[in-house]
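Please look over the protein below.

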Amino acid sequence: MAEREFLGTGMKFPPQIDRATGRFMVSSGEASVRESVYSILMTQQGERWLHPEFGSRIMTYTFMDTSVTRLSMMARELRQTLLDQEPRIAEVEIRIEEKPDRGCLLIHMNYTLAAEDAEGNMVFPFYLYAETEGGINGGRR
């Protein structure tokens, strides 16, 4: 029971309203950790002026070349960011899969919950190019 309390309960991210009660929905346990990881990835460092160190620098990799070196740098930085900012996870393994036809990288994250020694995972799509009406780059390659 104490392990479950360690994972905590907090407001659902992204915020949602419970139609029955009119209150903000909450998440707990593994869902809370997964939402926290998503929040870290979606927040650019410096975006929260009261906590400028919160978030990731993932957006600095937009329009990057997808060499093995760059992908390794990105994976290492994301791993360290998650370990530094989410105390409920103990180990993080990141694997990046290229999807050139979609103009994105799929970031596969496997992590271990510190209190339970249980595993969680998440796939985060990171788009290298801005999509337009005709697809990537207006349908041009």
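Predicted model: local features only at pLDDT ≥ 70, side-chain atom pairs only at ≥ 80, totals over all residues.

Is arginine 57 buried, partly exposed or exposed? Arginine 57 counts as partly exposed, because its relative accessibility is 38%.

Residues are numbered from 1 along each chain as its sequence is written, and side-chain values use heavy atoms, with hydrogens and water left out.

Start with the overall fold. The protein chain has three helices and seven strands. From the N terminus on, the order is α-β-β-α-α-β-β-β-β-β. Helices (H or I, at least four residues) and strands (E, at least two) are DSSP runs, numbered from the N terminus. Of the 141 residues, 33% count as buried. Take the contacts in the chain with a separation of 6 or more: residues 24 or more positions apart account for 40% of them. Contact here means heavy atoms within 4.5 Å. The chain exposes about 9100 Å², and carbon and sulfur atoms supply 51% of that area. Accessible areas come from the Shrake-Rupley method with a 1.4 Å probe; for residues, only the protein chains shown count as cover.

Now return to arginine 57 and its partner. Arginine 57 forms a salt bridge with glutamate 77, and their closest N and O atoms are 2.8 Å apart. Glutamate 77 lies in helix H3 and arginine 57 in the loop between H2 and H3, so the pair ties together parts that are 20 residues apart in sequence. A salt bridge requires a side-chain nitrogen of Lys or Arg within 4 Å of a carboxyl oxygen of Asp or Glu. Side chains of opposite charge can pair when their charged atoms come close.

The whole structure holds four salt bridges. Among them is the pair of arginine 70 and aspartate 65, with closest N and O atoms 3.4 Å apart. Arginine 70 is partly exposed at 37% relative accessibility. Aspartate 65 is partly exposed at 44%. Lysine 99 and glutamate 97 also meet through their side chains, at 3.2 Å from N to O. Lysine 99 is partly exposed at 26%, and glutamate 97 is partly exposed at 25%.

Glutamate 97 leads on to leucine 105, since the two are in contact by the 4.5 Å rule. Leucine 105 lies in strand E4. Leucine 105 is buried, with a relative accessible area of 0%. Not counting residues up to four places away in sequence, leucine 105 touches Met64, Thr66, Leu71, Met74, Ile96, Glu97, Glu98, Phe124, Pro125, Phe126 and Leu128. Valine 123 is 18 residues from leucine 105 in sequence, and their C-alpha atoms are 9.9 Å apart.

Strand E4 (residues 104-113) also holds threonine 112. Threonine 112 counts as buried, at 12% relative accessibility. Beyond its neighbours within four places in sequence, threonine 112 is in contact with Arg88, Ile89, Ala90, Glu91, Asp117, Ala118 and Glu119. Arg88 is also touched by serine 36, as is Glu86, leaving out residues up to four places away in sequence. Serine 36 lies in helix H2. Serine 36 is buried at 18%.

Which residues form the negative surface patch? They are Glu91, Glu93, Asp117 and Glu119. Patches are made of residues with over 30% relative accessible area and no salt bridge; like charges are joined within 9 Å, and nonpolar side chains (Val, Leu, Ile, Met, Phe, Trp, Tyr) within 5 Å. Glutamate 119 is in strand E5 (residues 118-127). Glutamate 119 is exposed, at 70%.

There is also a nonpolar patch. Met11, Ile17 and Phe24 make this surface of about 320 Å². Isoleucine 17 sits in the loop between strand E1 (9-11) and strand E2 (26-28). Isoleucine 17 is partly exposed, at 48%.

End at a backbone detail. Most residues other than glycine have a negative phi. Phenylalanine 63 is not a glycine, yet has a positive phi of about 65°. Phenylalanine 63 is in the loop between helix H2 (30-42) and helix H3 (68-85). Phenylalanine 63 counts as exposed, at 58% relative accessibility.

Note on methods. Lys, Arg positive; Asp, Glu negative; His and termini not counted. Charge placed at Lys NZ, Arg CZ, Asp CG, Glu CD. Buried < 20%, exposed > 50% of the residue type's maximum accessible area, 1.4 Å probe, protein only.
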